[in-house]
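This report describes selected packing features of one protein model. The sequence and structure are shown first.

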Amino acid sequence: MTVIVDRHVKDPCAWLRAVTGELAGAPPADTRGVLLTVWDGLVAARLAGLHAAAASPRWRARQRHAEAVEFDLAVQLARNCTVGTGLAIPARLSGAAVAWPVERADAAVAAIIAFCGTAETMLRRAGELTPVWEDSLLGPVALTRWLADCWAGRHTGDPLRLPVPPPPWWR
């Protein structure tokens, strides 16, 4: 079963901060656990970023750059069987989404950047603790850095071009 979280989450920023804290305390030797938590954080970051983009033209422009990186990171994580959490990555906000004030959008972007830093560190540690460094972890390490750079305005990229049909975890 895949859950579309935007209908259930009242405060994506609080959820993202909670996931970031959980990730920071995760044992890096539990590679699958780290990957599953990064997936949950990516879902929360995507939702928070969509809200931020709806609140401000500055964040809307950065979200367009971040979107392709989010998708690529999701593809990398899905290859490692992490979609077992059942959480779908929201493709867009629901029509019932409440507009956020700019200050809340700014806080969301700060939470996304903090999550990305934690995810990069934990993915790197998990990779270093595997018996053989898994190349499959190199992509997510780099993509979490690029995602933070997109939101910080240091990385621009191409717009997202979804495959047809889109993956079942992108809703």
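## Contacts of Thr20

Thr20 touches Ala114, Phe115 and Thr118 (heavy atoms within 4.5 Å), leaving aside residues up to four places away in sequence. Thr20 is part of helix α1, where helices are DSSP runs of H or I with at least four residues, numbered from the N terminus. Its relative accessibility is 11%, so Thr20 counts as buried (under 20% relative accessible area, 1.4 Å probe, protein chains only).

## Basis of the model

The model is predicted: local features need pLDDT of at least 70, and side-chain atom pairs count only at pLDDT 80 or more, while totals for chains, interfaces and linings use all residues. Residues are numbered from 1 along each chain as its sequence is written, and side-chain values use heavy atoms, without hydrogens and water.

Beyond four places in sequence, the contacts of Ile89 are Trp39, Leu42, Val43, Arg46, Ala74, Trp169, Trp170 and Arg171.

## Packing of α2 and α3

Helices α2 (residues 31-55) and α3 (residues 57-79) pack at about 160°, with axes 10 Å apart; axes are lines fitted to C-alpha atoms over the stretch in contact, and angles run from 0 to 180 degrees between N-to-C directions. The two helices are therefore roughly antiparallel (angles over 145 degrees).

Notes: Parallel < 35°, antiparallel > 145°, perpendicular 65-115°, else oblique. Buried < 20%, exposed > 50% of the residue type's maximum accessible area, 1.4 Å probe, protein only.
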